[in-house]
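Let's take a friendly look at how charged side chains pair up in a protein. Have the sequence and the 3D view ready, and follow along one pair at a time.

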Amino acid sequence: MSLYDVELSSIKGLGKTRCALFEKLGVHSVGELLRFYPRTYSDWGDATPISEVANGEKCMIKATVSTAVSTARISGGRILSKVQAADDSGVIELVFFNNKYISNMLKFSEEYCFYGKVTRDLYGFSMVAPEFKKSSEVDSITPVYNLTSGLTNRVVINAVKQALQMLPETIVDPLPYEILKKYNLCSLRTALVNIHFPKDADSLRKAKARLVFEEFLVLNLGLRILKKRKLTETSCKMNEDYSQEFIASLPYTLTNAQKTAIVDCVNDMRNKKSPMNRLVQGDVGCGKTVVAAAVCYNCVKNGYQAAFMAPTEILAQQHFNNLSAMFAPFNVRVDLLIGSMTKSQKDKVRERLVNGETDIAIGTHALITESTKFKNLGCAITDEQHRFGVEQRAKLAQKGGHPHILVLSATPIPRTLGLIIYGDLDITCIDELPPGRQPVKTMLIDSKKRDRALSFIRQELDDGKQCYIVCPLVEEGELDLQSAENYAAELMLKDFAHYPIGILHGKMKAKDKEAVMNSFLEGDISVLVSTTVIEVGVDVKNASVIMIENAERFGLSQLHQLRGRVGRGQHKSYCIMVSDNHNEETTQRLSTMCKTNNGFEIADEDLKLRGPGDFFGNRQHGLPQLNIADFSDMESLYKTQEAASYILNISPDLSDNSLKGLKAMVNLLFSFLDSSTMN
Ligand code: ADP
Ligand code: MG
């Protein structure tokens, strides 16, 4: 019997109440308890001499209690206990709240290990509420678990100890022997024992390496099986290719890369039995929108409806304007559906969609929620949407007649990483910009030169061009909002007194944002002061300068996206980054922007300088939740890519008997999918 089928209550000390608390943490069985890895470890290994502890750092000290415990009542009836302890190098004060037993637990002149965060002030060193143990009882590394109110670390430790004892002496390892050997990984049993109660740092490292490998491998296998899966046939069969007439109607010639992208998509929709599942990736400004429009056109002419989704209402509105213009020569009906429309407006659009009176719906992601019904949706396109992950794609693919799916992205993820993250998609890269584009000239200045930059911007404005100024703001928080307005007010009074200024920030109502954006688009506003809400997609050809304040606060990829707001037409364009941070690393990072306009080069540089954590830290990548692995560990990720190929070569659907355990894990990680999908 699998330990996943053994109830938690079979562990001594776990009654109904505690079992419920474990369930809150996602632990329902003994098997899951074994996979409930520690959040971190308190290291009782190396003691730091008191004289060497650093303010604000967590550390362990070994010290002898040198005073009696003093206890006082403080506000709110709380009890405050203080005691001093000393080692050869110094004295530290230990402070505890609401623990009546401290004076029994800490005995004068006995030695203890204390673990906690050190504060250093005028009065010396102190630690508030440290963990402690008698130094004779310390074994080196203690696991620290995620807890929930009512559940202590001690209870979890005891439960895990018992669970480990329930592990049979020989367990079948889900990883094939050859893989264990080739990558020098420890067995599952050893890994489980040592991830919870490591003998030493080395055995912990080995345990972790093995479990990380396993998790990445499962992810890798799952994504690749998903990609190859034989989906139920799509009922959105498209027979004809109508691209030529659409392309001929455009006011410009498509680049070869755009043409190839259209061919790839149309072939997917025409030739294959399974639905298209494609990513079209290309740097900002390469012209992905028209590719999406061509796909919509083909879809409509073949008798189906299309949905085109954007991450913001501003962008949806812009796509609506663009596509409406592109389809004006044809008998194609386009509708906009966004949250800020009135209920009756929305109802009307929904009615047209369900009756088949409209061909293309453009909107935010609300478009594909339950309440919006299509008569015969043939294709769903999402633009610039990182959060539109594996799960959403797979769910959409399972909808109705299994519509075709196209994802557009400008996020310059390093190529190798992209292959993994988008493992379930076919990829087309648009690696060419429309002709005549001049690279955006990029400069890094400090605030002493701001006045000169502003006077340069005024020249551009006098020349009839427009500019963006991006404020040093985080999008949320009242305080920031005020300063956005203050900043704009100052510009209005001083530097741009004679120019129309607009403000755009995240806290504005969608309607107001749209109004501001539209006036900028129409040229009624010359200077748009904004937070990063303009980051994705917005297209105003007449804008020739973007000035970014506190540029050091942005990641390179984000700066590249911001810079992509200019240089979209024929004008020579400029990006001015302002930063007073002269730190060497920052300067090096920002000067990358001045050196290249290529999004992928920038992504690779960002990766080198800061590690991949940043690609994933702030951004949801839409992959299944990982338990122990994290994407900054590229080395393991690549190794498992290789291992996955090896395994799939032997058994493309993991049906081999020796891969049973691995297959079960893949199914578990991808359990959000229909059970049939992974089989
Ligand atoms: P992105 O790939 O960043 O979404 P867009 O689709 O917004 O780029 O296109 C950027 C601009 O380039 C738009 O104004 C669009 O009309 C224009 N454009 C697209 N393709 C071409 C082309 N082949 N020749 C000239 N201009 C083009
Ligand atoms: Mg775009």
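Aspartate 268 is buried in this predicted model, with a relative accessible area of 4%. Its salt-bridge partner is arginine 278, which also counts as buried, at 9% relative accessibility. By the rule used here, the model has 18 salt bridges, and a few of them are worth a visit.

**A pair between helix 9 and strand 10**
- The closest N and O atoms of arginine 278 and aspartate 268 are 2.6 Å apart.
- This pair links distant parts of the chain: aspartate 268 sits in helix 9 (residues 256-271) and arginine 278 in strand 10 (residues 277-282), 10 residues apart.

**A pair between strand 12 and helix 12**
- Aspartate 335 and arginine 352 meet through their side chains in a salt bridge of 2.8 Å, N to O.
- Here, too, distant parts of the chain are linked: strand 12 (residues 334-337) holds aspartate 335, helix 12 (residues 343-355) holds arginine 352, and the two are 17 residues apart.
- Aspartate 335 counts as buried because its relative accessibility, 9%, is under 20%.
- Arginine 352 is partly exposed, with a relative accessible area of 28%.

**A pair within helix 12**
- Lysine 343 and aspartate 347 form a salt bridge whose closest N and O atoms are 2.8 Å apart.
- These two residues lie 4 residues apart in helix 12, so about one helical turn separates them.
- Lysine 343 is exposed at 61% relative accessibility, while aspartate 347 is partly exposed at 32%.

**A network**
- Arg35, Asp173, Arg210 and Glu214 are joined into one network by salt bridges that share partners.

Notes. Residues numbered from 1 in each chain as written. Chains lettered and ligands numbered in written order. Predicted model: local features only at pLDDT ≥ 70, side-chain atom pairs only at ≥ 80, totals over all residues. Heavy atoms only, no water. Salt bridge = Lys/Arg side-chain N within 4 Å of Asp/Glu carboxyl O. Buried < 20%, exposed > 50% of the residue type's maximum accessible area, 1.4 Å probe, protein only.
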